[in-house]
Amino acid sequence: MLRRGALAAGAHRRALGHHVVGVGADQLRTRQAAGADGERVTTEEYSLGFDAAWELDLFGRLRRGAEAARADLEAEQASLEDVQVSVAAEVARNYFLLRGAQKRIAVAEQTLANLHDTLRLTETRRDLGAGSELDVQSSRAQLKQIEAGIPLLETSAARARHRLAVLLGLQPGALDPLLAPRPTPAYAKALPLGDTRELLRQRADVRMAERQLAAATARVGVATADLFPRISIGGFAGFVSGDFSGLVAGGNQSWALAPSIRWAAFDSGSVRARLRAAEAGADGAAVAYEKAVLAALEDTENSLVDYARHQEHLRIVADFLLLLDAQRTQLAADDALADAEAAVNIAAVGVYKALGGAGTAGEGGLASLVR
């Protein structure tokens, strides 16, 4: 028996759940003995029509497979969201690093101008005999210390500018005209977070781990269903004829319906091995989920503590600033204030990141911190 290729250009098939429909045309040529003399006769048969197959999902194999696929997709979507939140938090963090460095540079330059005046007065007092060389050297040492710190601050500011540009998909330096120094007040107030426990459940990494666990659990169901028979029903509706020219004549209409059962009863060892592997995968996913939840709790608690402590530090520095009357000491405190303001803003970014963004783009969210 020889079956030649399909007469149609190709069969078009589409799967509808466990329902598969196809359309095509075939030519079947058969050569066999016929008659008492044993002469071999060649016959041809042509067919054109639709064939369909249904697998009855009696034991949930297809349903659980679909669940696993959906869970895998949702896990990938959560992974994308996790990356987006991390990038947004990194943008905000570098923005506050930049503003803090810029403010400290301004304070250092003002301090440097005052120290130059102080050095000149100290030198004049020494020359008049009212002061000593030790006073001059002390003033010069303070001046050099401030001078040495300015390049380091400028380096920090430049690195933050370059990092911001790269995070936004631009070349380093592309944002420099837009990032000129400007006042950036500290976000020293309660964060509008709402129910932090609910926000924690929405963390992208936690949702990703939960969806991965759901997919692994669904695959256990798929492997379990393989222990049972698969029942399918196939059918054909169309035309069958030994003459191609009259193939679609009314008298050549034909249909067929055939059930089939497949069961890996003689291969149960490999089926059970696959089931054990799926169960082990589900156990591993459960451990990974627990780890993700614990890490999220740790991250959240640490970020909240950091934010609270930086707020307290900022309050102490600000209170101390009000008590100062010497200009040089005032400038030193200004530098500490600038550093504390940047730190509390960065700590606020850490809180939002720990809570999965906490409404990154909305009012009161992460985006509202950068202004």
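Is Asp-226 buried or exposed? In this predicted model, Asp-226 is buried, with a relative accessible area of 16%, where buried means under 20% relative accessible area, exposed over 50% and partly exposed in between, found with a 1.4 Å probe on protein chains only. Residues are numbered from 1 along each chain as its sequence is written, and side-chain values use heavy atoms, with hydrogens and water left out. Because the model is predicted, local features need pLDDT of at least 70 and side-chain atom pairs count only at pLDDT 80 or more, while totals for chains, interfaces and linings use all residues.

**Overall make-up**

- The protein has 6 helices and 6 strands, which are DSSP runs numbered from the N terminus (helices: H or I, at least four residues; strands: E, at least two).
- Read from the N terminus on, the elements follow the order β-β-β-β-α-α-α-α-β-β-α-α.
- Of the 371 residues in the protein, 30% are buried.

- Helix H1 (residues 61–127) has 67 residues and reaches 97 Å from its first C-alpha to its last, close to the 99 Å expected at 1.5 Å a residue; the expected span is 1.5 Å times one less than the number of residues.
- Just after H1, Gly-129 takes a positive phi of about 85 degrees.
- The axes of H1 and H2 come within 7 Å and cross at roughly 160 degrees, the axes being lines fitted to C-alpha atoms over the stretch in contact, with angles from 0 to 180 degrees between N-to-C directions.
- That angle makes H1 roughly antiparallel to H2, since angles over 145 degrees count as roughly antiparallel, under 35 as roughly parallel, 65 to 115 as roughly perpendicular and the rest as oblique.
- The residues of the contact of H1 with H2 divide into 20 nonpolar, 8 polar and 12 charged, where Ala, Val, Leu, Ile, Met, Phe, Trp, Tyr, Cys and Pro count as nonpolar, Asp, Glu, Lys and Arg as charged, and the others, Gly among them, as polar.

- Helix H4 (residues 204–225) has 22 residues and spans 32 Å from its first C-alpha to its last, close to the 32 Å expected.
- Its buried residues include Ala-204, Asp-205, Val-206 and Ala-225.
- The axes of H1 and H4 come within 8 Å and cross at roughly 165 degrees, which makes H1 roughly antiparallel to H4.
- In the contact of H1 with H4, the residues divide into 11 nonpolar, 5 polar and 11 charged.
- Asp-226, the residue of the opening question, is placed in the loop between H4 and strand E5 (230–241), and its C-alpha atom is separated by 7.3 Å from that of Arg-61, although the two residues are 165 apart along the chain.

**The largest nonpolar core**

- The largest nonpolar core has 22 residues, a nonpolar core being a set of buried Ala, Val, Leu, Ile, Met, Phe, Trp, Tyr and Cys residues joined through side-chain atoms within 4.5 Å.
- Among the residues that touch the most other members are Leu-98, Leu-143 and Val-349.
- H1 and helix H2 (133–167) are the elements that give two or more residues to this core, and H1 gives the most, with 11 residues.
- Val-349 lies in helix H6 (residues 327–354) and is buried, with a relative accessible area of 3%.
- Val-349 and Ala-88 are 261 residues apart in sequence, yet 9.3 Å apart in space, C-alpha to C-alpha.
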